[in-house]
Amino acid sequence: MLGKLIGYEMKAYSRIMVPIFIAVAALSVIIGLGLRFIPEWVGGNVLFALTLILYIGLLVAIAVMTTILGINRYYGNLLGREGYFMFSLPVKTSTMMLAKTIGALIWTVLGAIVGGASIALISVIGFNTKDYAEIINAFKMLLTEIKPYTGYFILWVIVIIMAVIQLIVQVYAAVSIGSQWSGHRLIGSILVYIGFEIIEAIIATIIRAIHPLANWIERVMTGTSWGTTPNYGAPILILVLILVEIVIFWVIAWYFTDRKLNLE
Amino acid sequence: MAAIVCNNLTKRYGKTTALQNVNLSLEPGRIIGLAGPNGSGKTTLIKLIQRMLVPTQGQIMINGSEPSPETKAHIAYLPDRDFLPDWMKVCALMDLYGKYYGDFDRASAEQMLANLAIDTTQTFKKLSKGTREKVQLILTMSRKAEVYLLDEPIAGVDPAARDYIIRTIISNYNPEALVLISTHLIADIEAVLDEVIFLKQGQIVLHENTDDLRTRVNMSVDEYFREVFKC
């Protein structure tokens, strides 16, 4: 059932995100061709400036729409009117939450890939073969440089992915509490999210006040840094903290979505 | 075995009591009207059976099991509002039902939609309010479920649509199933009801066979309903 639910999420996101992705790809090609064949474009040409503004606008739209859809797939589809359908399905609440989280993560990663790929596309089309060869060489050199630190690099990638998941689950927790109100549910959700941030800041301040603990954290975070031996302590500690937050926010979101469900 | 059993079922929202010590035993193969004025607890009872709410006290059993994802697989639920993803086409909604519910009879749904000349390539939100309600009813009644929970299926529709909805329910439900219809429009559905339950301020004030009730009080169920709930 999880696979079916993820498929449903993919379909719901794709009808909005795929046209934006296609538009970004098309503009990347136009900008690339402009750079390659119309050199006078770059010198303050209005059309080029407009194309560039539109391109940047679309990149911003990817980020904004991924965020809005991520929230709405929980707030609207699960806790709003469509929740009457979702909660009629023979599926556990935790499975629905997992499908939403995976869906949001996939489209966040896809957005980042499309953004990166569009810049690569502009470079490939826009620069001449000599420039292109130089870029490839520089990239190869970079890969050779970081090869000894592959494990460390992968660890940071995992930290980033888990941080995205933590953000998604934190939003779900805020929205599920905010939906306990009968009116102004969205404002309630935003206030709860701000409340979470304040609680996190208070906890961080308390930890800093406990000197032995603060000193230990500082030692871990500033251990042998990038250079001869990478400092695995920092990403591992951050990862553990993120995992703790994910568990806490997941339990909160599950409790208010499953045990205290208050559909619109 | 009873299709639905409620033992001392109570649901409170903060200080407000929506249902108070409800005891019920509903047998399969019956069409039962759940009647009461607005705010009497009808929707709360249905949501509890569908496990959209958790009881404050008491217990519900669906075919011998507590409400769970497994019991939902055998319950066809029609809420009292638009509940389907409105960006989907009607044919995609049928795909969705087929994917999630093993008891969904797509041929039956397609036939009913064709009878009403509903274009299945239209997106749900582009349909008129009445057509949307008919599509939702058709999808719900096209399941061969063991329990049908229909929350106010005829509220807010014109009399012709009411007749269609009642006909659809009668001619499509699984005869071995329990059909629970919540309504305050008794007159329109009285003829099809085997039993009726009156809910008043979260408590059951009557649960009786409709024929027995009419004989006992010497009036129609609708007339009796108006008397019991007279303001």
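**Ground rules**

I'm working from a prediction, with local features needing pLDDT of at least 70 and side-chain atom pairs counting only at pLDDT 80 or more, while totals for chains, interfaces and linings use all residues. Residues are numbered from 1 along each chain as its sequence is written, chains are lettered from A and ligands numbered from 1 in the order in which they are written, and side-chain values use heavy atoms, leaving out hydrogens and water.

**Entry 1: chain A overall**

I started with the secondary structure of chain A and got nine helices and zero strands. Helices here are DSSP runs of H or I with at least four residues, strands are runs of E with at least two, and both are numbered from the N terminus. I then looked up burial: 38% of the 264 residues of chain A count as buried (buried is under 20% relative accessible area, exposed is over 50%, partly exposed is in between, with a 1.4 Å probe and protein chains only). For contacts in chain A with a separation of 6 or more, 76% come from residues 24 or more positions apart; contact means heavy atoms within 4.5 Å.

**Entry 2: helix α7 of chain A**

I checked the length of α7(A), residues 185-209. Its 25 residues should span 36 Å at 1.5 Å a residue, and the end C-alpha atoms are 36 Å apart, so the two agree. The expected span is 1.5 Å times one less than the number of residues. Its buried residues are A:R185, A:G188, A:S189, A:V192 and A:F196. What covers them includes α2 (46-75), α6 (150-178) and α9 of chain A.

**Entry 3: where A meets B**

How many residues does each chain put into the contact? I get 24 from chain A and 25 from chain B. The area buried between the two chains is about 2,400 Å², with carbon and sulfur atoms giving 59%. That area is the accessible area (1.4 Å probe) that two parts lose on being put together, summed over both. A:R81, A:Y84 and A:F85 supply 29% of what chain A buries against chain B, more than any other three residues.

I looked for charge pairs next and found two salt bridges across the interface (a side-chain nitrogen of Lys or Arg within 4 Å of a carboxyl oxygen of Asp or Glu). One of them pairs A:D258 with B:R51, with the closest N and O atoms 2.9 Å apart.

**Entry 4: two buried spots in chain B**

Is B:V179 buried or exposed? B:V179 lies in strand β7 (residues 178-183) of chain B and counts as buried, at 0% relative accessibility. Leaving out residues up to four places away in sequence, B:V179 touches B:R30, B:I31, B:I32, B:Y148, B:L150, B:I169 and B:Y173. I also noted B:V147, 32 residues from B:V179 in sequence but 5.9 Å away, C-alpha to C-alpha.

B:E195 belongs to strand β8 (residues 195-200) of chain B, and its relative accessible area of 10% makes it buried. Its side chain joins that of B:R30 in a polar contact of 2.8 Å. Polar contact means a pair of N or O atoms within 3.5 Å; within protein, one must be able to donate a hydrogen and the other to accept it, and residues adjacent in sequence count only if both atoms are side-chain atoms.
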